[in-house]
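Please work through the exercises below with the sequence and the structure side by side. Each one sets a task and is followed by a solution in steps.

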Amino acid sequence: MAANCAAGPCVQVYTDPTTHQLIITANQNRPGTTVAPHPRPIVKPKPQTWIPYKVTPIVHRPYKPPVKKKPTVIHKVVTAALSLSDQITRLLPGSKILYQPSNGALTDVPVYFWSDTNSVFSVVTTILGVGVNVLMNPSFVWNFGDGTSFSTSSAGGPYPDATITHTYKSPGTYTINLSISWAGTWAAQGAAMVPILGGAIVQNASATIQVSPAPTNFTR
């Protein structure tokens with residue numbers, strides 16, 4: 001759309017990584033009211049009347065300066081610009097780490113991890129009469145606390161969803177860190193989708209897991 005927003009509202013969608021907010025703005029300049037000029041009054045001349053010549057005595061009167069007439073004022077055309085603006089903000093949902101078994105893990109036994117984050121964050125709204133559609137998707141980076149990491153676009157799930165699993169080799173207490181990056185596209189009034197400006201919104205979550213040694217059975 002035109003930069004001066006003459007044809008319609010200028011819509012922009014961007015992110016604020018500091019506040020984890022999606023921000024939709026719209027601005028438009030519209031012409032205001034116009035005042036028409038006042039025409040000059042039309043004065044019709046009076047018809048001349050012939051009066052017979054008379055001799056009149058001269059009467060001396062005190063001098064009075066002529067009274068100046070006020071000039072006719074013509075109002076100029078005044079066009080006022082009416083600026084319209086609106087802003088819509090959406091806070092991205094938070095997330096937390098879940099794992100199974102929830103009461104602790106055993107060495108050499110897979111642990112199932114997942115996040116309660118939705119796979120899609122969508123916004124369908126109207127701002128200054130313009131329909132806006134926003135789609136954002138998360139990507140995940142898992143750090144399991146033992147020096148290993150895993151990147152995926154899936155939120156994972158409990159058993160039997162084995163999308164995100166990890167097996168600890170040694171007993172101990174481990175801190176798990178999850179980094180979630182949100183990015184996406186948007187479109188206004190059915191136009192083509194374009195990337196959201198402002199950079200990815202990154203959310204972080206952490207959890208602690210206790211890993212116990214698995215019992216050992218000796219067989220012959």
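**Exercise 1. State how much accessible surface the chain has, and how much of the chain is buried.**

The accessible surface of the chain comes to about 15500 Å², and 57% of that area belongs to carbon and sulfur atoms; such areas come from the Shrake-Rupley method with a 1.4 Å probe, and for residues only the protein chains shown count as cover. Of the 220 residues, 28% count as buried, where buried means under 20% relative accessible area, exposed means over 50%, and partly exposed lies in between (1.4 Å probe, protein chains only).

This is a predicted model, in which local features need pLDDT of at least 70 and side-chain atom pairs count only at pLDDT 80 or more, while totals for chains, interfaces and linings use all residues. Residues are numbered from 1 along each chain as its sequence is written, and side-chain values use heavy atoms, with hydrogens and water left out.

**Exercise 2. Find out where the model should be read with caution.**

Begin with pLDDT, the predictor's confidence in each residue, from 0 to 100: its mean over the chain is 83, and 75% of the residues reach 70 or more. Over residues 74-81, however, the pLDDT is below 50, although this stretch has 20 contacts in the model beyond near neighbours in sequence, a contact being heavy atoms within 4.5 Å. Where pLDDT is low, the predicted coordinates should not be read in detail.

**Exercise 3. Describe the open sheet that contains β4, and the two faces of that strand.**

The chain has 0 helices and 13 strands, where helices (H or I, at least four residues) and strands (E, at least two) are DSSP runs, numbered from the N terminus. Three of these strands form an open sheet in the order β4-β6-β10, with antiparallel pairing; two strands pair if DSSP finds at least two bridges between them. The edge strands, each pairing on one side only, are β4 (97-100) and β10 (165-166).

Next, follow the 4 bridges that join β4 to β6 (residues 111-115): L98 has W114 as its bridge partner, and Y99 stands opposite F113. In β4, I97 and Y99 make up the covered face, whereas L98 and Q100 make up the uncovered one. In a regular strand the side chains alternate between the two faces of the sheet.

**Exercise 4. Decide whether S115 is buried or exposed, and list its surroundings.**

S115 lies in strand β6 and has a relative accessible area of 5%, so S115 is buried. Its contacts, neighbours within four places in sequence aside, are S95, K96, F140, W142, A155, L178 and I180. A polar contact of 2.9 Å also joins the side chains of S115 and T117, this term meaning a pair of N or O atoms within 3.5 Å, of which, within protein, one must be able to donate a hydrogen and the other to accept it, and residues adjacent in sequence count only if both atoms are side-chain atoms.
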